[in-house]
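Dear colleague,

My notes on two parts of it follow.

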Amino acid sequence: MSNLFIGVKRIVAVDSSEFAYAELEVDEHSMLVAQGNVGKSSLINAIRLFFLPECSLAKQAVNFGFSDSHGEFYSAEETFNHYFPSKYSFLILEYEKRVYDGPHCCQIISASQTGRLKIERMFTQLPFAQLRPLFWQEGDDADGIGQRVDSLSKQRIYDFIQKHDKRYEIAKEPNKVAAIIYESELQASRYTLFPLRERNTQTINSLRALIKLLFVASGKNKKPFTDAIANIIESAKKTSQDQLGFDIAQFKAQHESLKLQENQLNKIINEEKLYLKILKDREDFTAYLAMLGDVKPGLIWLQNGLDKLQQELSEHANKNGQAQSAFEIANKALTDLEGDLKSEKRKQRDISKDLKQFEQTTQTVARIKHEFPGQSVEFIQQSIQDDLDEKQHELDIVEGRVARDEAIASLETKLTQLCARRDKLRFAIDKNEFSLEAQLPKNQVDWLHSIHPALANANAGHELSEQERTVFEQFFSLFESHPSHFAFYDRRVEFKAFMRVNREAELEKLTQEIESVEKQLKEISGDAPSALHQEQSIKQLQQQILLNIKDLEALSNDDYAQRRVSELVKDADITNSSIEALEYSIAAALKKCETARAKRESIKAQYSQCKESIAQHSALLKQLKSFASTNNKWLVLLPDDQELSGYINENTLELFQTSASHLEQLQYALLSQLRSFIDANIIDDKHGIKGDAPFWHEISKCVDDVSEVYGNLDTQRSLLGRQIEEHNHTIGTKKEIIVQNFKIIKAFEKEINQAFAGITINNVESVEFEVGINKQFSSLVNEFAETNLYSNQMQSDDFYQRLVAFAERFFDKDDNFTLTMDRVIDSFEPRVQLKNKRGREDKKQSNSTNALIKIKLVQLLLKRLIAHNCDTSLPIVHDEIANIDIGQFDWWLNDLAESGFKLMAAGTHSTSAELQAKIGRRHVMDALTTALPYHAERNRVYWKGAETFTSLETGEQAELI
């Protein structure tokens, strides 16, 4: 063997294809036999899923190539739903791999939740025998068909594997699957299934094509195999220890004695479930009886509660009147406060209206002052008045109330005056150093400004002389200076800090007036304006006049307006405070009112609830009294001084009724079960259980009798086990002799057939020998292989009967029970097929030859793809095997095995027995159905190994017929 060996052992389908459970061993040539549409071909075809890495069936036609008998590809949905129709669906491949890390591997495929038509795989080193109970279990059926595992789920499988195998792998992507199953590095090849020399896309696609080719290799019109299997060849023995020393009479007597004891013990064991049910029923009876423990104290509790509720009802009636009075008082106080709030809010609106009016006046004054920056109010008023006079004069001229010549003369005079003022103002600006502000002390400048702002802003036009300064000083000395005013004899001048006049702004204003006069003069001196223009001028002048009048009114009312704004703001603050206080009081009153209302409603509800409780207590008390009277027979079993564990309500009464009902049922069930034990003679009727009226005391004592029987069960079982073990041991040596003879025959058969290996297609004679072993002997050997004769378990009656029948058939009563080959070997015939011999079909016209060539080609190509010259035992899949020329099978099967492949074929029940026998093992797939599948539409079951074949002589065939 090379460094690496990989051999596929079995394929398992769980709730897949047409099967509830199918388990096929494929480590040898095997054939699946069933009628059409059973699912055998589907099961065979599923093998390609394990050898190809794709994790989705969305493109199955390309990746896997599942098709019908006409070559039409199934849709992805059909394929997926066929193999993975439910959450219980699994496909499992177990394979043996010998390199470094152990012999067993399992690849488990299931539907994935990561997407539509997706599948995922888990790899584990646990053998499938350890995993099988997770998927299928032995049932109660006599045929050993088995049944579903109700707890089966993918998560449970994964949890089990993760717990017992720390080297498991989960793969949901094709790259990871390919890396696992095609790994060629020996130390990393834990789960290698087919180690590729090169793991690239081309190599994987080549493998895919070869695997697909396996499923289409067969042709049509294949002729069945016609030759029989040859006899068994007698072989020489190396030992003569074949004396069995078998006393048939003694063996039968001992077996019957043990059988009677086992039957009696089995009868007790078989009734153990009934015994456990009796214990459970007694436990339930005690529990249900305990549930009636509240009946007696419940009657007292309900009566006392009813008396207390009547007293509470009277108290609630008094409280209800008090709560109504308190609510009416609180509601009146709230209404009064809400009236006061409405009055204050009306006052607030009046103040806001007046405040808005006076604020408009102050805002108008602020605007005017902004237009005359740095000027006194008197200056501003005079300027506006002058402008008003000019506009009025201009209006008089436009409307014809003043003569044109007179107006022109007046405007020219005014223009001369304005220009003179402008010149003086320019001089003052240019000669600012001659201003009184610049030449007098600050206190004298403030003094002059307090008398009149114009005085402090005057410009002397020259530097003051000493005399002039002295005059100012002397006149200033006549005033007494105070922080807030200046006193001049009996007069008082309020102190006003000096504020320089903005001469630049004044000059700009004066320039605008000059330009305005010049414009007027030009307009009056020119041609008479049109009627439309004159009308527009009149409207414009009237608007300007009205604006000036309003400005003058605002200036004259400014002091009063400011004083009223201050007063109204204070009034508004007072009103707002009053409103805020009232709102706070209303909130408190509202809360108090709501509290009173809630208390009133609460007391009303308590009153109503109390009345309802009285009605409920009265009804419960009446019902409980009726129950106690009806079920007094159970109540007498309970103590009288028991305390109430909870309270009594409708649910409690229902529980009492249910408990009483269960007590009746359990008493009846216990009597029936105990009487069945008495009828089966497991116990004696010492307590009158089969009498007319046994009650709980008698029933309980009888249950104790049954418990005593099962308390001694282990002792009885142990004693019988030792006797059976001694009985089994008496035939243990007989088994060794029989099995050793069988092994000698099979070893000789293998040696002969190895000598005829190496035959090629159509060119070399093919010979294969098979030893025909007596069927009764062969069956006994096979049963020995499944039988542990060194245990303490009785073997089946069939086994003992076959063993006795074997001894009676093979040995005379007067011999020494020596086993010889001439009694075991029935036939030894060669199976020969020669090229171009009579009875063989023409190879040039054989479709089967073509199919075999294809399969041979696949073998060679697969070996080319595999790495490390790896030894293999891989399945070669062939559906409808009957289409292959039966004459090709001798060399073909040997060639397959030598090349590292095992045939996995499929056929119907009509497939020839010769062909099935040549393959060697058959799996009859449609024989069994389970009553407990995962889904009703998939109920077929196959497991527990394949059938093998032996040959019979013609005489024996007639005898069997």
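In the helical part, Q667, L670, L671, L674 and F677 of α22 make contact with W696, I699, C702, V703, V706 and Y710 of α23. Sorted by class, this contact comprises 10 nonpolar residues, one polar residue and no charged ones. Please bear in mind that the model is predicted.

As to the geometry of this pair, helix α22 spans residues 650-679 and helix α23 spans residues 696-711. Their axes come within 11 Å and cross at roughly 45°. Since angles from 35 to 65 degrees fall between roughly parallel and roughly perpendicular, α22 and α23 are therefore oblique to each other. The crossing of the two helices is left-handed.

Strand β1 pairs with the following strands:

- With strand β4 (residues 90-98), β1 runs antiparallel and is joined by nine bridges; here A13 stands opposite L91.
- With strand β2 (residues 19-25), β1 pairs in the antiparallel sense over six bridges, and V14 has Y21 as its bridge partner.
- With strand β15 (residues 871-878), β1 pairs in the parallel sense over three bridges; F5 is placed opposite D871.

With kind regards

Methods: Residues numbered from 1 in each chain as written. Predicted model: local features only at pLDDT ≥ 70, side-chain atom pairs only at ≥ 80, totals over all residues. Heavy atoms only, no water. Axes fitted to C-alpha atoms, helices over the stretch in contact; angles between N-to-C directions. Helix = DSSP H or I, 4+ residues; strand = E, 2+ residues; numbered from the N terminus. Parallel < 35°, antiparallel > 145°, perpendicular 65-115°, else oblique. Left-handed = near helix turned anticlockwise from the far one by under 90°. Contact = heavy atoms within 4.5 Å. Nonpolar A, V, L, I, M, F, W, Y, C, P; charged D, E, K, R; others polar. Pairing = 2+ DSSP bridges.
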